Amino acid sequence: MQAWQVHENGEPGEVMRLEEVAPPTPGDGQVLLKVRAANINFPDVLMCRGHYQVRPPLPFTPGVEICGETEDGRRVLANPALPYGGFAEYAVADAAGLLPAPESLDDAEAAALHIGYQTGWFGLHRRAHLEAGETLLVHAAAGGVGSAAVQLGKAAGATVIGVVGGAEKATVARELGCDVVIDRRSEDVIAAVKEATGGRGADVIYDPVGGEAYTQSTKVVAFEGRIVVVGFAGGSIPSPGLNHALVKNYSILGLHWGLYNTKNPKLVQHCHEQLTELAARGAIKPLVSERVPLSGAAAAVQRVGDGVTTGRVAVVPSPGASSENGAAA
């Protein structure tokens, strides 16, 4: 089979190589899956660079999120068991972690419903307890993680403010349903948020960026607000001033979604059921901006790493596979 292999750490476009390799052999409790679509996530970029908390042995195949097909023909969502990731024709995954792919979504959309939307649901509902009528601020609102949070926030009845970088991403954020869109490249984020909220600030802030975005968050979080720290796509990990959190009376909430797979897997299943229901009634729909063939995976992962993509980019190993089952693309 064909699979992308990383033999040394570096930029994805430089270190990912498409090679002919033997299909992986499932271990105890694992299943072999035909990859129907593999969604590109920022952790794939970080793993190529050697900067992620999980460091699979070299060589490895990146791709942490797929819509796959079991031997008996079922469409499922899975997190492949590294080093046999999803940017390949076949991957292996733990049987206990398989989730049914929603019938309302095609393969690429279904793959994109997993990590980003689970992270959004846990962050907004389990950690921040977002309520209808509250104001939600989402950094990187046009990206893969941010776009999921925007849709989930709107589905929960919140007013959503999206912060983006550039006019093209601003257009995408508006189409996603943001009530207010702020272009950080041409606007003063802090002043714009205060104006949009009448000086009150945002009740919940969803931050997958870190760095300057986190600093801005601390200046616009409302009384009893909650800042959900999801990641550091901006490359800089902030050091929060806890005295500031005390004086302004806000909460800083960390979210590592992957822990729920071992600490509380039943809650992951419950979340998937909620997401499937939301997708079935059209309240959420993953934004898949590109579908690329397997041969284009390295360049696509690099684009995600460079921050020039919107929504999700999906790798589809078999042309036409994403419309064989589920909704048409």
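The legends below describe close-up views of a predicted model.

**View 1. Asparagine 39 sits in strand β3.**
Strand β3 covers residues 30–39, and asparagine 39 belongs to this strand. The relative accessibility of asparagine 39 is 0%, so the residue counts as buried. Its side chain makes a polar contact of 2.5 Å with the side chain of glutamate 65. Beyond the residues up to four places away in sequence, asparagine 39 touches several others, among them Asp44, Phe87, Ala111 and Val313. Arg312, the subject of the next view, is also one of the residues touched by asparagine 39.

**View 2. Arginine 312 lies in strand β15.**
The strand that holds arginine 312 runs over residues 312–316. Arginine 312 has a relative accessible area of 7% and is buried, because the cut-off for buried is under 20%. Leaving aside neighbours within four places in sequence, the contacts of arginine 312 include Asn39, Ile40 and Asn41, as well as Leu287, Val288, Ser289 and Glu290. Arginine 75 is 237 residues from arginine 312 in sequence, and the two C-alpha atoms are 20 Å apart in space.

**View 3. An open sheet is formed by 6 strands with parallel pairing.**
The order of the strands is β10-β9-β8-β11-β12-β13. At the edges stand β10 (180–183) and β13 (251–254); each has a single partner strand, so one side of each has no neighbour in the sheet. On average, neighbouring strands of this sheet are turned by 20° against each other, direction ignored. Helix α5 (residues 144–155) packs on the sheet and touches β8 (135–139), β9 (159–164) and β11 (202–207). The direction of helix α5 makes about 170° with that of β8. Helix α7 (residues 189–196) lies across β8, β9 and β10, and runs at about 165° to β10.

**View 4. Strands β12 and β13 pair in the parallel sense.**
Strand β12 spans residues 221–229, and its pairing with β13 extends over 4 bridges. Arginine 226 stands opposite serine 251, which is in β13.

**View 5. Trp121, Phe122 and Tyr260 form one aromatic cluster.**
There are 2 aromatic pairs. Tryptophan 121 and phenylalanine 122 make an edge-to-face pair, with 5.2 Å centre to centre and 80° between the planes. Phenylalanine 122 and tyrosine 260 make a tilted pair, with 4.2 Å centre to centre and 35° between the planes. This pair links distant parts of the chain: phenylalanine 122 is in helix α4 (residues 115–127) and tyrosine 260 in helix α10 (residues 260–263), 138 residues apart. Tryptophan 121 and phenylalanine 122 are both buried, the latter at 0% relative accessibility. Tyrosine 260, with a relative accessible area of 16%, is buried too.

Conventions. Residues numbered from 1 in each chain as written. Predicted model: local features only at pLDDT ≥ 70, side-chain atom pairs only at ≥ 80, totals over all residues. Heavy atoms only, no water. Helix = DSSP H or I, 4+ residues; strand = E, 2+ residues; numbered from the N terminus. Buried < 20%, exposed > 50% of the residue type's maximum accessible area, 1.4 Å probe, protein only. Polar contact = N/O pair within 3.5 Å; in protein donor to acceptor, adjacent residues only side chain to side chain. Contact = heavy atoms within 4.5 Å. Pairing = 2+ DSSP bridges. Axes fitted to C-alpha atoms, helices over the stretch in contact; angles between N-to-C directions. Phe/Tyr/Trp six-rings, centres within 6.5 Å; stacked < 30°, edge-to-face > 60°.
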